[in-house]
Amino acid sequence: MRKSLLGSLLFISLAPGAGLAGKTPAQDPIKASIEVQSATDRAASRSQQHIDQLSDETRVLLQKYRQVNRELESLREYDDHLERMVRAQEQTLAELDRQLDEVQVTHRGVMPLMSRMVDTLGQFIELDMPFLLEERRARLHGLQDLLDRPDATVAEKYRRVMEAWQVETDYGRSIEAYRGTLQSDGTERTVDFLRVGRIALLYRSLDGSQAGAWNRETRSWEALSSDHLPALKQGFRVAKKQIAPELLTIPVPAPGVQQ
């Protein structure tokens, strides 16, 4: 009876040990599985980081590639622009070479022409109504000196000659009042002149009591009656822009009848 009890106790005391011995092998695969999964996760994380890094590098390289393409396209357009400019400059140089070949011929033709224009201008001034003679003669002398200057270009000489002719042309389209010296009957006196284009040239004494007009036919000054003084006064006011332009009644010598 005692032996049987001891056997039972031995069985009972051995049972927990037997249970522990049987549980240890079951825990090793789970732990190993967890470790494998953790290692896999770490590897996956490292792979994802590597992929993210490669993605960032690829994006940067793509941006650089696009920028280089834009710069290349810009350089191509600029190169085309420079090529067109070079062709245009070559054409211009060819045209300049052609013009330079003609310069000598042009120079030989233009200089005598300008000389004749200046001579004709001088004759025109002397035959015209005697207004602003000192100013016009000084302009003419300046042109004559300019034509003889070797340091002045043909273009400058031509420009000045044409300007002088333009000034003379403008006199025929303007009205002007100025003070000057009247030479008549061997005497000189200061008067106020009124020029109406090239239609009429009149004068009035400084005190406003006397007036006269230039006669183209006789090329002399003729006295005007006092009846013309009011109209002459009106003309001076228009010329000085003191009143608005209006219809003027001024004495104009009638042209002579040719026989």
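Start by selecting Tyr178 and Leu132: a polar atom of the Tyr178 side chain sits 3.2 Å from the backbone nitrogen of Leu132. What you're looking at is a predicted model, where local features need pLDDT of at least 70, side-chain atom pairs count only at pLDDT 80 or more, and totals for chains, interfaces and linings use all residues. Numbering runs from 1 along each chain as its sequence is written, and side-chain values use heavy atoms, with hydrogens and water left out.

Stay on Tyr178, which belongs to strand 1 (strands are DSSP runs of E, at least two residues; helices are runs of H or I, at least four; both are numbered from the N terminus). Its relative accessible area is 15%, so it is buried (under 20%, with a 1.4 Å probe and protein chains only). Now show its contacts (heavy atoms within 4.5 Å): leaving out residues up to four places away in sequence, they include Pro130, Phe131, Val191 and Leu201.

Next, pick Phe236, 58 residues from Tyr178 along the chain; their C-alpha atoms are 9.3 Å apart. Phe236 is one of the buried residues of helix 4 (residues 229–239), along with Leu229, Leu232, Gly235, Val238 and Ala239. Colour strand 1 (175–184), strand 2 (187–196), strand 3 (200–205) and strand 4 (211–215), which are among what covers those buried residues.

Last stop: Glu168 in helix 3 (residues 154–171). Glu168 is buried, at 2% relative accessibility. Its side chain makes a polar contact with the Arg136 side chain at 2.9 Å (a pair of N or O atoms within 3.5 Å; within protein, one must be able to donate a hydrogen and the other to accept it, and residues adjacent in sequence count only if both atoms are side-chain atoms).

Notes: Buried < 20%, exposed > 50% of the residue type's maximum accessible area, 1.4 Å probe, protein only.
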